[in-house]
Amino acid sequence: MPRRPLTLLLAVTLAACWNTELPPPACTADSYPASTARPAGCVPGPGWLAYAFIKDGGSNPALFISRADGSCAQRVTVDDAYYGVPAFFPGGQRLAYSSTRTGRNQLYLLDLVSGVESPLPTSFALAPPPATAEPLLAATPSVSPDGATIAFEGSLSVTGGWTDLFTVPVAGGAVVRLTTDPAAATLPRWSPDGARLYYLSYQAGQELWTVEASGANPAQVTFGSGLSSKFDLTADGAALVYARFSSTGAGSIPTELVSFDLAGKTTRVISNGNEADPAVDASNASVAVSRRTGSGYDLYLLDYATGAVKHRLTSCPGQAFGAVFAR
């Protein structure tokens, strides 16, 4: 039975301790990393982070934004619905994400300056005409470099564990199916020129694939990667960054953070500190990761070249994951 990956991808057990000179922001009275009020003088833009957080004892993640050093943090979703991993629009002033507030995963767009949110319809007819189009269960959005198109993971409720990649214009319009994966496809990431997407497929284990933006020529990229969580593509499109299972490190299922060079097909270990869910900034200077701290997961900012800790960004009881940078 194909697996349905409508994300929480912290599928590893992590354990380690880290020290950092800069304390993370204090938790709010209700145990979240930030309140719903944005601090004065804070305007989202390039270099900002978005991430998901489930507070200790909670069941659904809320979404947060902040600067890369953890300042200007704000909770941007306020109800108790499930919110999936977010995606920034170019420039960092809009977010795309999925939510179950209507009872099924749907895509939403949020203007971070005005606070205006709008749903993005994703109806699709799986069978040829005259079949009736149905709303896809939609998750893991990725915004194209020109901000005009969103790629996402979609499925129909009647198809069980099947998921494929689709695109839809941000302005609304026809949904296009990109993959016909025999298992499940998820987590699309656009190349910098918008010509292709990279994604996670389960058809040959758990490996990364690529497909042209038209849906043509799907091809496997990694082989035997040991991928253990969400991945990212560097802003220059030169490397894939992901956590993989490792024989080193602490914990019962140790992982290490690696960069896979797409041209040379070589792998460089960034850190073996048991990370998950990496996100690389626009300059390839920093990578945000989730790390186990006590019984939960916190967000850390590492040096992309050396793996050294720059900042610990969260410290509230719960799980911080799924970070993404605005570029």
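Colleague: Which residues touch the most other members of the largest nonpolar core, and what makes it a nonpolar core?

Modeller: Ile65, Val76, Phe88, Leu95, Tyr97 and Leu112 do, out of 21 residues. The term applies because a nonpolar core is a set of buried Ala, Val, Leu, Ile, Met, Phe, Trp, Tyr and Cys residues joined through side-chain atoms within 4.5 Å. This is a predicted model: local features need pLDDT of at least 70, side-chain atom pairs count only at pLDDT 80 or more, and totals for chains, interfaces and linings use all residues. Residues are numbered from 1 along each chain as its sequence is written, and side-chain values use heavy atoms, without hydrogens and water.

Colleague: Which element gives the most to this core?

Modeller: Strand S1, with three residues. A strand here is a DSSP run of E, at least two residues long, numbered from the N terminus.

Colleague: Why is strand S14 (residues 185-190) called mostly covered?

Modeller: Six of its six residues are buried, and buried means under 20% relative accessible area (1.4 Å probe, protein chains only).

Colleague: How do you know that S14 and strand S15 (residues 196-201) pair?

Modeller: Two strands pair if DSSP finds at least two bridges between them. S14 and S15 have four, in the antiparallel sense, so they pair. One of the bridges joins Trp190 to Leu197 in S15.

Note on methods:
Buried means under 20% relative accessible area, exposed over 50%, partly exposed in between (1.4 Å probe, protein chains only).
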